[in-house]
Amino acid sequence: MAYPSQLGLQDATSPIMEELMNFHDHTLMIVFLISSLVLYVITLMLTTKLTHTSTMDAQEVETIWTILPAVILILIALPSLRILYMMDEINNPVLTVKTMGHQWYWSYEYTDYEDLWFDSYMIPTTDLKPGELRLLEVDNRVVLPMELPIRMLISSEDVLHSWAVPSLGLKTDAIKGRLNQATISSNRPGLFYGQCSEICGSNHSFMPIVLELVNLKYFENWSVSMV
Amino acid sequence: MAGTSAGARFYRQIKRHPGLIPMIGFICLGMGSAGLYLLRLALRSPDVCWDRKNNPEPWNRMSPNDQYKFLAVSTDYKKLKKDRPDF
């Protein structure tokens, strides 16, 4: 989950998110280098008494500062496209879970083996127990087995929503009449929080998502108990 | 008159401003890639129907071993099996 004064990305919980973090580090480094170079040149320009007022021709430096930015952009684009295609790959999920966005809650359906479905509402701030997170906890968490690829099918019953879990690198729009697919593959057990990411009305900020990743045995017991 | 065709004028402009060559090169690279990708989508994508009589719905005839995406990072399409019933 996010913590106060957080500046960076949340810790990665899936292989795709690790790739995204590496890409982010690579791109941010390029951005920092360019920005510091420009800032340095600006300070140099503003702190000199030297002037040169006649027009000049500068073919060499013009060539360099055409080729170099194009090369930098290609160096950013190639890893980006690689990760983009990697996110779409087929990976043989063991389980399919469907989630429908409503105003203003999520509902989940695990219909592979049993007829299990439930709604997931945010816990109001006045009902929180000590230690629980404000505006992030829900009454029924999405329990899933860890270290296994799971297919999420995401859609909506009314307006646009977006199902997002930052630590897994997931954000998929929930569009009425359309079925979008995402893959969850968590490296470790734990609780992973996310929030609705597409404006959907007055309680758009109050429909969070909580994934509870557990081992397979616990997941099987839970799904039997929930039916 | 000789030398006033578009190619000749272009050549003279380039000789006067050789610093423009990288920019023209990158623009051609970018627009060429975009155009070629569009062509690939038009001709190879199973979502596109050109021939309504002989191949009306190509998205119904996809096989698990064909690669439809441009780039496959870690999926070996030869190894995939078809485990769905026929339509």
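This is a short tour of a predicted model, stop by stop, with what to select and what is there.

Before you start: residues are numbered from 1 along each chain as its sequence is written, and chains are lettered from A, ligands numbered from 1, in the order in which they are written. Local features need pLDDT of at least 70 and side-chain atom pairs count only at pLDDT 80 or more, while totals for chains, interfaces and linings use all residues; side-chain values use heavy atoms, with hydrogens and water left out.

**Stop 1: helix α1 of chain A**

Select residues 15-46 of chain A. This is α1(A), with 32 residues. Helices here are DSSP runs of H or I with at least four residues, strands are runs of E with at least two, and both are numbered from the N terminus. At 1.5 Å a residue, α1(A) should span 46 Å; its end C-alpha atoms are 47 Å apart, which agrees. The expected span is 1.5 Å times one less than the number of residues.

Now colour M17(A), F23(A), T27(A) and I30(A). These are buried. Buried means under 20% relative accessible area, exposed means over 50%, and partly exposed lies in between, using a 1.4 Å probe and protein chains only. What covers the buried residues of α1(A) includes α2(A), residues 59-87.

**Stop 2: α1 against α2 in chain A**

Show both helices. Two packed helices are described by the angle between their axes and the distance between the axes. Here the angle is about 165° and the axes of α1(A) and α2(A) are 11 Å apart. Axes are lines fitted to C-alpha atoms, for helices over the stretch in contact, and angles run from 0 to 180 degrees between N-to-C directions. α1(A) and α2(A) are therefore roughly antiparallel. Angles under 35 degrees count as roughly parallel, over 145 as roughly antiparallel, 65 to 115 as roughly perpendicular and the rest as oblique. α1(A) passes α2(A) in a left-handed crossing, meaning that the near helix is turned anticlockwise from the far one by less than a right angle.

Which residues of α1(A) meet α2(A)? Among them are L20(A), F23(A), T27(A) and I34(A). On the α2(A) side, pick out residues including I72(A), L75(A), I76(A), I83(A) and M87(A). Contact means heavy atoms within 4.5 Å.

Stay on α2(A) and select L73(A). Is L73(A) buried or exposed? L73(A) is exposed, with a relative accessible area of 57%.

**Stop 3: across to chain B**

Next, go to E89(A), in the loop between α2 and β1 of chain A. E89(A) is buried, at 14% relative accessible area. Leaving aside neighbours within four places in sequence, E89(A) is in contact with A72(B), V73(B), S74(B) and T75(B). The C-alpha atom of E89(A) is also 9.3 Å from that of T183(A), 94 residues away along the chain.

**Stop 4: helix α3 of chain A**

Select residues 216-226 of chain A. F219(A), W222(A) and S223(A) are buried in this helix, α3(A). Seen down the axis of α3(A), its buried residues fall within an arc of 95°, so they line one face of the helix. The arc is that of the directions from the helix axis to the C-beta atoms. The face turned away from the buried side of α3(A) carries the exposed residues K217(A), V224(A) and S225(A). Show the strands too: what covers the buried residues of α3(A) includes β1 (95-102), β2 (105-110) and β10 (208-214) of chain A.

**Stop 5: backbone details**

Most residues other than glycine have a negative phi, and most peptide bonds are trans.

- W104(A) is in the loop between β1 and β2.
- L135(A): phi is near 65°, a positive value. L135(A) is in the loop between β3 and β4 and counts as buried at 18%.
- E147(A): phi is near 60°, also positive. E147(A) is in the loop between β4 and β5 and is exposed at 53%.
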